[in-house]
Amino acid sequence: MQSRFGPRAHTWSLIGLVLGLTVLLSALAPQTFPTVGNLQSMAVQIAPLGLLALCIAITFLIGGIDLSCVNVANGSAVIAALVMNALAPSTGAGPATAIGLVAALCTGLLAGLVNGLVIAMLRVHPIPTTLGTSAVFLGIFTGITNGSTVFGQGTLGSLSTSTVALLPLSFWVFLLAVAALMVVTQRTRLGFRLYAIGESTRVSRFARMRVERDQVIAYMISGLFASLAGILLFAGLNAANVSFGSSYLTQALLIAVIAGMDPYGGSGRVGMVALAAIAAQELQTGLNMVLGGWSGSAFASDFAWGVLLIAILGFSRWLGRRTARRRREQATAALVADGAQGS
């Protein structure tokens, strides 16, 4: 089971990357980057993006993918805003906010259930399935809002403005989600089955695992995290629109891959998503500060993301090959030792 978490060196390389970027960007932009205000601003931006990366990570784990997570997040935010606005005059802001949050989470779970059922029961590949459901969700929520922005009551603003131990509440929500998913994937039977299904669906079926049920659960977890991301986006902007966060899907995919989650399933450590999200946000914010006066700073950020992805993939590939070679050498040495003792 330990080998499924990936090489430990990948963990240390991500920690080194976060620390290295912090030192480098602080040296390049000493007046703006290493400030409490900037770090808190980055934490607010990391939270929804990191939650979307968790959606990708949990579906990667079973050899799937959820390309609908951004539209599910926006849809959940729209539902939360509409429910709060409708109930606030009669129930008051507090109950309306609570019911709106429940409605948003239920929206995410329902969307995940739809994705999971189509993929597990009909055995349709996750890429066309979630692309199709993403278009369906977008159409539904666009129809509900006519494509316009829905503004809220401002009751969730404290999620992005209030701090605990200098960190925004939204960032704590993200960290709690990471911790919960780590417990589920590394300490429970469900987590063991998810790794096994990702490694080989056929073997899991031969082992009499309830593969379809666990696939549905994985996509419902993804939907739940997507709705949480939508709630945090709504809290930060006090507005919801089906077109918000259009670039988040690509960034979430990159973060999941940089975190070491195997797109083919069965390998990776979801806790690394937190480090990968921090590194990615450091790179984006830091480059914007360092190159702020240059018109091509946005392109430089995209270029740096691509270079970072290729570098991490190459390094992880090299580590994987080195670990596999070392295990073969150890197995060969053990066989030779057993043969010598037998003779």
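This is a predicted model: local features need pLDDT of at least 70, side-chain atom pairs count only at pLDDT 80 or more; totals for chains, interfaces and linings use all residues.
Me: Why is helix α11 called largely enclosed by the rest of the structure?
Reply: Helix α11 covers residues 248-258, and eight of these eleven residues are buried, so the helix is largely enclosed by the rest of the structure. The buried residues in α11 are Tyr248, Gln251, Ala252, Leu254, Ile255, Ala256, Val257 and Ile258, where buried stands for a relative accessible area under 20%.

Me: Which residues have the most contacts inside the largest nonpolar core?
Reply: That core has 92 residues, and those with the most contacts inside it are Leu51, Leu52, Leu54, Phe174, Phe225 and Ile255. Helix α2, which runs over residues 36-61, gives the core its largest share, with 15 residues. Ile255 is also one of the buried residues of α11.

Me: What does Phe174 touch, once residues up to four places away in sequence are not counted?
Reply: With those set aside, Phe174 touches Ile46, Ala47, Gly50, Leu51, Leu54, Ala274 and Ala277, a contact being a pair of heavy atoms within 4.5 Å.

Me: Why is Thr129 called buried?
Reply: The relative accessible area of Thr129 is 6%, and the term buried applies under 20%, so Thr129 is buried. Thr129 lies in helix α5, residues 126-145, and, leaving aside its neighbours within four places in sequence, Thr129 is in contact with Asn115, Val118, Ile119 and Val124.

Me: How do you know that the radius of gyration of the chain agrees with that of a compact globule?
Reply: For 343 residues, a compact globule would have a radius of gyration near 20 Å, and the chain has 22 Å, which agrees. As a separate description of its extent, the C-alpha trace spans about 85 × 55 × 35 Å along its principal axes.

Me: What share of the residues of the chain counts as buried, and what share of the accessible surface belongs to carbon and sulfur atoms?
Reply: Of the 343 residues, 47% count as buried, while the accessible surface comes to about 16,100 Å², with 67% of it belonging to carbon and sulfur atoms.

Me: What share of the contacts with a separation of 6 or more comes from residues 24 or more positions apart?
Reply: Residues 24 or more positions apart account for 78% of those contacts, in a chain that contains 13 helices and four strands.

Notes: Residues are numbered from 1 along each chain as its sequence is written. Side-chain values use heavy atoms; hydrogens and water are left out. Helices (H or I, at least four residues) and strands (E, at least two) are DSSP runs, numbered from the N terminus. The radius of gyration is taken over C-alpha atoms; the globule rule is 2.2 Å times the number of residues to the power 0.38. Buried means under 20% relative accessible area, exposed over 50%, partly exposed in between (1.4 Å probe, protein chains only). Accessible areas come from the Shrake-Rupley method with a 1.4 Å probe; for residues, only the protein chains shown count as cover. A nonpolar core is a set of buried Ala, Val, Leu, Ile, Met, Phe, Trp, Tyr and Cys residues joined through side-chain atoms within 4.5 Å.
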